[in-house]
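Reader: I have a model open and want to learn how to read it. Where do I start?

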Amino acid sequence: MNRTLKRIIIGMLVVIAGLFAVVYGVGSSLPEDHVAAVRAEFSAAPEELFATIADYRAYPEWRPSIERVEELPAREGNPAWVMIDATGPLPMELTESEPPTRIVTTILSEGMPFGGRWIYEIEPAAGGATVTITEEGEVYSAIFRFVSRYIMGHHASASLFLTDLGARFDENVTVDVVR
């Protein structure tokens, strides 16, 4: 290998190490916890929306990113399941259910790089209902905190859920970030 090629390779390795250090440093400075909320309006009734959101077994039918759902043993009487998508398994538990206005699901985060819960609130509105999803998340890895905040965005998953929910009811919904 000639000297020029060695210098290029060493330079590239230094740049990669520098980028990694910056990502790790910025991620380490971010808080582990975050709250992100989104909302959308639907023409469907609150009861229909609640039933659709609560029926996690049917998610693969209307959420294109979900490949399948597998049941887990109930946890203290609460339903539990694993959603499987292209990124891998996501174990969940239904921790609250108040038909037709509120559902809370919690990530069973043992061994995961993140955890938290989603709070679904369904409010009657003129001609339908408004669904708000509040993510109370925790990201344990500094690298993943950086990715979650600056690349994916904390609102991305909940926004996609609401868009998929709209498509389930043949609606094009506008997802708004709640401040």
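Predicted model: local features only at pLDDT ≥ 70, side-chain atom pairs only at ≥ 80, totals over all residues.

Reader: Which elements does the protein have, and in what order do they run?

Author: Begin with the count. The protein has five helices and eight strands. Read from the N terminus, the order is α-β-α-α-β-β-β-β-β-β-α-α-β.

Reader: How does its radius of gyration stand against that of a compact globule?

Author: Set the value beside the rule for the chain length. For 179 residues, a compact globule would come out near 16 Å; this protein has 20 Å. Then look at the axes. The C-alpha trace spans about 70 × 35 × 30 Å along them.

Reader: Now the largest pocket. What is its volume, and which residues lie nearest its centre?

Author: Take volume, then lining. The volume is about 810 Å³. The lining holds 37 residues, and Leu-90, Phe-114, Trp-118, Met-152 and Ser-157 lie nearest the centre. Among the elements giving two or more residues are strand E3 (78-85), strand E4 (88-98), helix H4 (142-152) and helix H5 (156-168). E6 gives the most, with six residues.

Reader: How does the lining of the largest pocket divide by class?

Author: Sort the residues by class. There are 19 nonpolar, 12 polar and six charged residues in that lining.

Reader: And the surface: which residues make the nonpolar patch?

Author: Leu-5, Ile-8, Ile-9, Met-12, Leu-13 and Ile-16 make a patch of about 570 Å². To place it, find one member: Met-12 lies in helix H1, residues 3-29.

Methods. Residues numbered from 1 in each chain as written. Heavy atoms only, no water. Patch = residues over 30% accessible without salt bridge, like charges linked within 9 Å, V, L, I, M, F, W, Y side chains within 5 Å. Areas by Shrake-Rupley, 256 points an atom, 1.4 Å probe, with all protein chains shown as cover. Salt bridge = Lys/Arg side-chain N within 4 Å of Asp/Glu carboxyl O. Helix = DSSP H or I, 4+ residues; strand = E, 2+ residues; numbered from the N terminus. 1 Å grid on protein atoms, 1.4 Å probe; cavity = no way out; pocket = protein on both sides within 12 Å on 5 of 7 lines; lining within 4 Å. Points joined across faces, edges and corners; volume = space filled by probe spheres on them. Nonpolar A, V, L, I, M, F, W, Y, C, P; charged D, E, K, R; others polar. Rg over C-alpha atoms; globule rule 2.2 N^0.38 Å.
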